[in-house]
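Take a look at the sequence and the fold first, then read on.

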Amino acid sequence: MLKEAVFSSMGISSVQELIAFLYAKKTGKKEIAALARLLTEDMVSKDTAAREITRKAAKELAELTAAVAAGLGAGGDLTVRGDLAAGSGAESDLAAGSGAGDDYPLLLEGSVLLKNRFVREALIAELKVKSIPVCVTDKKADAAYGAASMMRRAG
């Protein structure tokens, strides 16, 4: 199902053509990233390969998030708030957070994370499994909030 969608979108008919596209000098990150829109919720729910891609991508994003959190000296449990978790805009905790507000805010960006529930939920699940101390949010805070938050953590 995913293979057919990729081939149709690109107007190609073979894996060799896909490989040629991926390794062409004119192919950049933007062109490859554009294929992500094909990973629809319907596809992930029905296609084993699409689910595996989703799981691997979520795991790698969680590992990157863990590295950043470790670099910031973060500690605590994951708390997820906002409509990214519940789909309603209402606040909801999906894990036992520290309650101390020590979690680092994590803003999800990009159409796949924002529009695909399966990808977003897989990432949130990986963050919970790894006990990465972030608060996933759908709201952007201004720079002053970020600076004040960092100063509060520094003590």
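Predicted model: local features only at pLDDT ≥ 70, side-chain atom pairs only at ≥ 80, totals over all residues.

Residues are numbered from 1 along each chain as its sequence is written, and side-chain values use heavy atoms, with hydrogens and water left out.

**Layout**

The chain has 9 helices and 3 strands. Helices (H or I, at least four residues) and strands (E, at least two) are DSSP runs, numbered from the N terminus. Starting at that end, the order of elements is α-α-α-α-α-β-α-β-α-α-β-α. Of the 155 residues in the chain, 30% are buried; buried means under 20% relative accessible area, exposed over 50%, and partly exposed in between (1.4 Å probe, protein chains only).

In soluble globular proteins, nonpolar side chains tend to be buried together. Here the largest nonpolar core has 27 residues, and Leu 123, Leu 127, Val 134 and Val 136 have the most contacts inside it. Elements giving two or more residues to this core include α1 (2-10), α5 (48-71), α8 (117-129) and β3 (134-137). Which element gives the most to this core? That's α8, with 5 residues. A nonpolar core, by the way, is a set of buried Ala, Val, Leu, Ile, Met, Phe, Trp, Tyr and Cys residues joined through side-chain atoms within 4.5 Å.

**The surface patch**

Val 15, Ile 19, Leu 22, Tyr 23 and Ile 32 make a nonpolar surface patch of about 480 Å². Patch residues have over 30% relative accessible area and no salt bridge, with like charges joined within 9 Å and nonpolar side chains (Val, Leu, Ile, Met, Phe, Trp, Tyr) within 5 Å. Areas like this come from the Shrake-Rupley method with a 1.4 Å probe, and for residues only the protein chains shown count as cover. Helix α2 (residues 15-23) gives the most to the patch, with 4 residues. Val 15 is in that helix and is partly exposed, at 41% relative accessible area.

**The pocket**

The largest pocket holds about 440 Å³ of space. Its lining has 19 residues, and Ile 32, Ala 33, Leu 35, Ala 36 and Ile 53 lie nearest its centre. At least two lining residues come from each of α1, α2, α3 (29-33), α5 and α7. On a 1 Å grid over the protein atoms alone, where a 1.4 Å probe fits, a pocket is an open set of points with protein on both sides within 12 Å along at least five of seven lines, and lining residues have an atom within 4 Å of a point.

**Salt bridges**

There are 2 salt bridges, each being a side-chain nitrogen of Lys or Arg within 4 Å of a carboxyl oxygen of Asp or Glu.

| Pair | N to O distance | Where |
|---|---|---|
| Arg 55 and Glu 52 | 2.6 Å | helix α5, 3 residues apart |
| Arg 117 and Glu 121 | 3.7 Å | helix α8, 4 residues apart |

Arg 55 is partly exposed at 37%, and Glu 52 is partly exposed at 33%.

Most residues other than glycine have a negative phi. Ser 131 isn't a glycine, yet its phi is positive, about 50°. You'll find Ser 131 in the loop between α8 and β3.

Key: Points joined across faces, edges and corners; volume = space filled by probe spheres on them.
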